[in-house]
Amino acid sequence: MKKLSFVEVVDMLNKFWVKQGCFIVAPLDTEVGAGTFHPATFFKSLGRDKWRAAYIQPSRRPTDGRYADNPLRLQSYYQYQVLVKPSPRDIKKIYLESLRALGIDLKAHEVRFVEDDWESPTLGASGLGWEVWLDSLEITQFTYFQQIGGKELDLVSCEITYGLERICMFIQNRFNVFDLEWQPGLTYGDIHEQHEIEYSKYNFDEANIDMHLKMFEAFEKEAAALLGKGLIYPAYSFVLKASHTFNLLDARGAVSQSERPRYIGRIRSLAKRCAELYLEKK
Amino acid sequence: MEHRDFLLEINVEELPAGYVRDAAASMKTAFRRGLDSFHVGFNGRILDFGTKNSLVCYIENLPLKQEEVSQEILGPPKRIAFDEKGNPTKQAVGFAKNQGVKTEDLKVRQTPKGEYVVIEKKEKARDTKDILREMTPGIIKGIRFPKTMKWDDSGLRFARPIESVLALFGNEDVDIKIDSVPQKKIRPVAPAKYLKTLGKLIDWDVRKKEIKGLILGVVKGLRADHGVDENLLDEVTFMVTSPDVFAGEFDKKFLDLPGDVLRASMAKHQRVFPVSRNGKLINKFIAVLDGRRNKKLVRKVYENILEAKLKDSLFFFDEDTKRPLSENIFQLKDLIFQKDLGNMFEKIERLKALCGFICDKVGERPLKKDSERAAELSKADLVTHMVGEFPSLQGVMGGEYALKSGENKTVAQAVREHYLPQGMDDPLPETRAGAILALMDKIDNVVGFSGMGAEKISGSFDPFGIRRNALGFVRIVKDKGFRFDCEDLIHKAIELYRDKLNVPGNLKDKVVDYLKDRIEFLMGDVRPLELKRAVWESGCFDICDIFNRIRALASIKDKTYFLEAAKVVERTGNILKGAKKEKIGAVDERLFKEDPERSVWKAYLDSKDKIQGLIDEEQYKDATGEYARAFYRVVHDFFDKVLVNVEDRALRLNRLAIMKAINTLYTERVADLALLPQIVVK
């Protein structure tokens, strides 16, 4: 197996999915928890228009920070997101083909599709599918969307979310994420280690709770106001900001168990209205 | 007659492991019903098989055609259809013509309404193949799954996308049309031959055995012992189709983690099996692979991933043990127990009060302090990182962390085992403190969930696990031999919920019924069937006593003295039944008029203390024998010679009072045997 660098893996995936008719979209410039939050997935999976897109999406999950001490967990990392709508009959085969394109020997190694019914309570989104395991390493989330923004979908999209670090670990045979080769002469750790340590401290210990509580309220209010003016994209970006602010408060231990569902409900109802307005405007 | 086999194969993208068995079974049932309703008689078996990627149904020995079914069609009455000479009338000819038969074929049949003209119409027997073709799509669509999905525009729903279907009947394929699903293209072969090509591992029992054998082989090679986790084995059976195994290793430092954490991590993240030697985990694991792989390469990945996951568990463990477990208690105010039933902090307050209450009742005062402390700590692990990651470790982690926090062993063990038993095969709490806390947790659940005014449980509908909790409660009481009146405890549990419950009026009865229902379930078949009800009618609700009593009485059901005792209860009961409105007081010996009155009362005075003594000692067989010996003859004699329902009110009430004394001596504390059917003394 040729040891592709991180950058080469992304490059190969771009090439592969372009051949499958995907547009390569630029990543979203707002902090998000996953590629699903990108308008190229959230909005585009609504309605009956065909759509195929692929993109890398830097993602943040504050509670997953481990001060750069865990070889597998990070509070910020990269997803490679593919959305294919409608889902073609042979999408699973195409996906396996993409792994072969990365040089993974599917005869020597075992790929396993393990039940995982995906759900994003903040986006009012859910789907059925699997975690894909490569020799027990979870490398992809594979989902047939059933609902987005609380709407039962007219046309089922297939979402394929590659965990880029995991795939690189496998390909490069290095099981510490910080040792991965980003590009010859540069490691993942060179770019991210200090970042992980500092952000873990920030997320767990330093983030200003009062400020974030106020920010959450402000973002929520702004999103609602913008929805009132029919400005879907700006409104949606404030929904995302509110969502990330909530995640930070959660990592900081500032959200009690009983308040959690309420916060999530507030974000979801805004996300739902964004989805409704998007469909109305079309 | 010529017979053929039928095979249906549904190829599907990876099904959730827990779905396959039930889905295949429901398909089997649907075929059996379908074939019956189409009158396709067959004497072979219906077999079901399945893997993560296929559901297979195999039906042996089907006839080529359904049975001929004839149908009678009723025409006009005979008097209208034929004239006096017996010739068919215009009406008869018209009826025959409409039905497409000749007038000669008309028959006359006696019906409840009189004589009518009928014709017998034989329906043409249809080809079994056509019937199979017709009913199979409906059967496939009708397979029930816990969750289903759409994957294309056809609207078809299934657990995962169907890739193709294949149906074979004899050597021919059957054309199955089901929305957008393609048919698997093969050269048609006999179903038996095709089944052979699927391999013996298509049978999940065979596959499971194979995997278990492979694992045990590796275990032997490692000189280890092993209790293969059956649940995990079951799951893995539906994750691989052609199993292979290998052993891997991890750093010994992770053995510092509690064994339950290691097990949970291995099962959840990688579905690998832990290995132990002399009952202690060692730094090895066994993985089951699908198909022949390069084990050397695969193993390395597994080992690295396991260590990364265990490292994360260590992180959780360190975070959780930074402060004593008791510091989590306050956070429980933020944790909802159940929407209408308040938070977890309120729950542990109730548990604490209940533990204190029951320790007094069952004579476990020395355990009072420990069980109350265990109650306080019982839910504190719910807000730890580890239980957040592995919810199945609730209780277990509480016990671990309690020990780490310097709590005593009794307290820690009680916290650890208070969720037991979860299922029918689960072990019960070992310690008495654990059993007490487990009982209080369960009764609080049953009372709370029953008191929310939620829908009544029925059949398999029991969303809050009321039945499971009630069963656990009964099993523990019986196992530990705790003696107390359940009604007192239920009353206390209801009281502790204060104003949170919606149906306080009849709630106690409802809870009592749930417990009784589980006792009956545990006792199984007891003869005579009415015996359980007879026991419910009497005595206090002490679970152990109830088990003893029902067992004792059932064991003497054919003895003459049992039947005699039953007869006494029946006869005295009958006379009292007719006197429900009367105000029966105490027996007044001055009112005795006849000898049998005196002798029956003497019998009562002579035997009362002895019988009550035997009942106090729960010697129910002897008490019944003594009761029969004391009363059978004299009560008979009394009824033969003395009229109870006389005009004189004082005399009547006095005689009823004697009967009542004799009746209740037995029925209030043993069983109301009058409820048994037809008591005949041989």
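In which strand of chain B does B:Asn61 lie? B:Asn61 belongs to strand β3 (residues 54-63) of chain B, where helices (H or I, at least four residues) and strands (E, at least two) are DSSP runs numbered from the N terminus. The structure is a predicted model, in which local features need pLDDT of at least 70, side-chain atom pairs count only at pLDDT 80 or more, and totals for chains, interfaces and linings use all residues. Residues are numbered from 1 along each chain as its sequence is written, chains are lettered from A and ligands numbered from 1 in the order in which they are written, and side-chain values use heavy atoms, with hydrogens and water left out.

Chain A contains eight helices and eleven strands. Its radius of gyration, taken over C-alpha atoms, is 19 Å, close to the 19 Å given for 282 residues by the globule rule, so chain A is as compact as a globular protein of that length. That rule is 2.2 Å times the number of residues to the power 0.38. The C-alpha trace of chain A spans about 55 × 45 × 30 Å along its principal axes. Of its 282 residues, 59% are buried; buried means under 20% relative accessible area, exposed over 50%, and partly exposed in between, with a 1.4 Å probe and protein chains only.

Chain B has 24 helices and 13 strands. Its radius of gyration is 36 Å, whereas a compact globule of 682 residues would have one near 26 Å. Along the principal axes, the C-alpha atoms of chain B fill a box of roughly 110 × 100 × 50 Å. Buried residues account for 51% of the 682 residues in chain B.

The interior can be described through its nonpolar cores, each a set of buried Ala, Val, Leu, Ile, Met, Phe, Trp, Tyr and Cys residues joined through side-chain atoms within 4.5 Å. In soluble globular proteins, nonpolar side chains tend to be buried together. The largest core here has 148 residues, and those with the most contacts inside it include B:Met386, B:Ile443, B:Phe473 and B:Phe631. Helix α15 (residues 432-450) of chain B gives the most to this core, with eleven residues. B:Ile443 touches B:Leu354, B:Phe473, B:Leu489, B:Ile490, B:Ala493, B:Val511 and B:Leu515, residues up to four places away in sequence not being counted; a contact means heavy atoms within 4.5 Å. A second, separate core of 98 residues includes A:Val84 as well as B:Leu35, B:Phe145 and B:Ile178.

Several backbone features deserve attention. Most residues other than glycine have a negative phi, and most peptide bonds are trans. A:Pro86 is placed in the loop between β3 (76-85) and α3 (91-101) of chain A. In chain B, B:Arg527 and B:Pro528 are likewise joined by a cis peptide bond, with omega about -10°; B:Pro528 is found in the loop between α18 (504-523) and α19 (531-536).

B:Asn61 has a positive phi of about 55° although it is not a glycine. Its relative accessibility is 32%, so B:Asn61 counts as partly exposed. B:Arg223, also not a glycine, has a positive phi of about 50°. B:Arg223 is found in the loop between α6 (204-221) and α7 (230-237) of chain B, and its 64% relative accessibility makes it count as exposed.
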